Amino acid sequence: MLNDPDSLTKHPEVEALLEATAADDYTMEQEEIPNDADAALAFETQKISVSESPVQDMEQDEEDEPAAPVVVKTGDPREHLNLVFIGHIDAGKSTLTGNILYLTDIVDKRTIERYEKEAKERNRESWSLAFIMDTNEEERAKGKTVEVGKAYFETMDKRYTILDAPGHGIYVPNMIQGACQADVGLLVISARKGEFEAGFERGGQSREHAMLAKTLGVSFLVVVVNKMDEPTVQWKKERFDEIVTKLRPFLKSCGFVIKREVKFIPISGFGGANIKEEVSSSVCPWWKDCYTNGDNNTTTPTLIELLDSLEIKGRDPKAPLRVPILDRCSDRGTIAMGKVESGILRPGQKVIIMPTKKKYKIDEVWVNEDSVDGARPGENVLIKINGARLEDIRKGYVMCTDPPCRAVDKLICQIAIADLPDNAVMTAGFSMHVPRAHGGARVHGHQDL
Amino acid sequence: MFHAHTEEQECTVTKIFETTNSKGQTIKGARFASAGMRAIVMLELAQTVPLEIYETMAFLGRFTLRTEGRTVAIGKITKLRPRRKNKLPYRIREVMETIIVVY
């Protein structure tokens, strides 16, 4: 009987119950606004041709005005990429990001000079570039990144958002949050003697970050071999080759297709060689041969050219909308923050928030603080949601259009086990909890006062 | 912790279906899995989480398992419970069961 619920509807009690809960049942009305630009255009012209046919003899001028094609202003036409900088602590991630911003003229000379002075006061001159990204006092005092830093730069072909992840082991949850937005991972490896080995051995963050990057969905991994200008390295080809050969099998075991998805490039994050301008051949004679031959999958001389040459696949503007929500805030209404993963997000669109299944209308969409008429996949957006209270939107929720994604608490999955605590084995009942400093407490009884 | 897209949630392994060790030997109905193995398992989460199967939407079907400050495993979702066809909320099914007992 349970397997055949229809037979049950014969009973009046069940029918009454069904009717009472019918309102809770979720149904989505037909989407009024078509999903992609072409369909919207076709839709619009079709509507007009229908309305035009009975009134053909009326003034043509007035009819023409709405018939003008709907121009969808999707902000900047250049493609947008999210880059995440990952790697072991002190590999030079923040310094490299700082230098990229400086070389692409986002940060001016005066600011750099100010940071240089500030770094000098702390007797840490080499940290001056990292200060661009590490803005809070704690980060500057210790010279390590804690929060995921965000910065924005652009080239002729593309626009980029940099996410500078913390390298320290205890901040890995912060790094995961950063990396889940990213399209391209830049694994920063220090070439300095001993530092590469420390980052790569068991427990080193180079290892863990590379593995996490793959599962969090980066399409490309650029292995940036940093600190090539170090006295212990001196742009030696042997050192670069040694690092590349050691990394290859490991990255392969993480699931990267080396030939297609992994690129290797030697740079100097502090000096700026090979970031925007190629290293001079007197310092590094072998690099020119290396990239012209296409060794190590790299055919471009500099990091920025390399990033410009990457093509991200799997971005589908025609698929149903999916925006995993990263954060929310309140500013004359509820604003959600996230990255469009698929579909096109437009103001006026009706969306469903999973897993609460509540329906809302989008009021406004911002990309880089500009209000836009549509955000394509890959854009980081701020979304103003009509009618939602702050509590209705939470980190981890997903904004969808029909058909919505699933909300589940049970799943069957394929896992690759990397590391288990205390060499234990995983059995049924193995559970993973929120890391807490203190254990839970239980009230055993109470006493009247 | 179960980390997928921007979500994190507590989770428990409720069943292990099969394991494959580094040599490629597959054991069906295995009791345990250890480091270096691949496994097909069922996970139960503390709360419902928006997810998809890896094949249909990769970015909602990938996840990481972490505990005690390190990454235990990485994985992809292969199966979810089928969409409810009769659209009856769970509580109604409970009520139905009691009705069946009565009849």
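Reply: Helix 10 of chain A is largely enclosed by the rest of the structure, because 10 of its 11 residues are buried. Buried means under 20% relative accessible area, with exposed over 50% and partly exposed in between, using a 1.4 Å probe and protein chains only. Helices here are DSSP runs of H or I with at least four residues, strands are runs of E with at least two, and both are numbered from the N terminus. The model is predicted, so local features need pLDDT of at least 70 and side-chain atom pairs count only at pLDDT 80 or more, while totals for chains, interfaces and linings use all residues. Residues are numbered from 1 along each chain as its sequence is written, chains are lettered from A and ligands numbered from 1 in the order in which they are written, and side-chain values use heavy atoms, leaving out hydrogens and water.

The buried residues of helix 10 of chain A are A:Gln205, A:Ser206, A:Glu208, A:His209, A:Ala210, A:Met211, A:Leu212, A:Ala213, A:Lys214 and A:Thr215. Just after this helix, A:Gly217 has a positive phi of about 100 degrees.

Two packed helices are described by the angle between their axes and the distance between the axes. For helix 10 (residues 205-215) and helix 8 (residues 172-179) of chain A, the angle is about 35 degrees and the axes are 10 Å apart. The axes are lines fitted to C-alpha atoms, for helices over the stretch in contact, and angles run from 0 to 180 degrees between N-to-C directions. Helix 8 of chain A contributes A:Val172, A:Met175 and A:Ile176 to the contact, and helix 10 of chain A contributes A:Glu208, A:His209 and A:Leu212. Contact means heavy atoms within 4.5 Å. By class, four of these residues are nonpolar, one is polar and one is charged.

Elsewhere in chain A, A:Asp164 lies in strand 3 (residues 158-164). A:Asp164 counts as buried because its relative accessibility is 0%. The side chain of A:Asp164 makes a polar contact of 2.7 Å with the side chain of A:Ser94. A polar contact is a pair of N or O atoms within 3.5 Å; within protein, one must be able to donate a hydrogen and the other to accept it, and residues adjacent in sequence count only if both atoms are side-chain atoms. The C-alpha atoms of A:Asp164 and A:Ile86 are 7.2 Å apart, although 78 residues separate the two along the chain.

Chain B has one helix and eight strands, and 44% of its 103 residues count as buried. The contact between the chains takes 71 residues from chain B and 68 residues from chain A. Together the chains bury about 6,800 Å², 63% of it on carbon and sulfur atoms; buried area is the accessible area (1.4 Å probe) that two parts lose on being put together, summed over both. B:Thr6, B:Val72 and B:Ile74 lose the most area on the chain B side, together 10% of what that side buries. B:Thr6 lies in the loop between strand 1 (2-4) and strand 2 (7-9) of chain B. Its side chain has a polar atom 2.8 Å from the backbone oxygen of A:Ile325 and reaches the backbone nitrogen of A:Gly396 at 3.3 Å.

How values were computed
Ala, Val, Leu, Ile, Met, Phe, Trp, Tyr, Cys and Pro count as nonpolar, Asp, Glu, Lys and Arg as charged, and the others, Gly among them, as polar.
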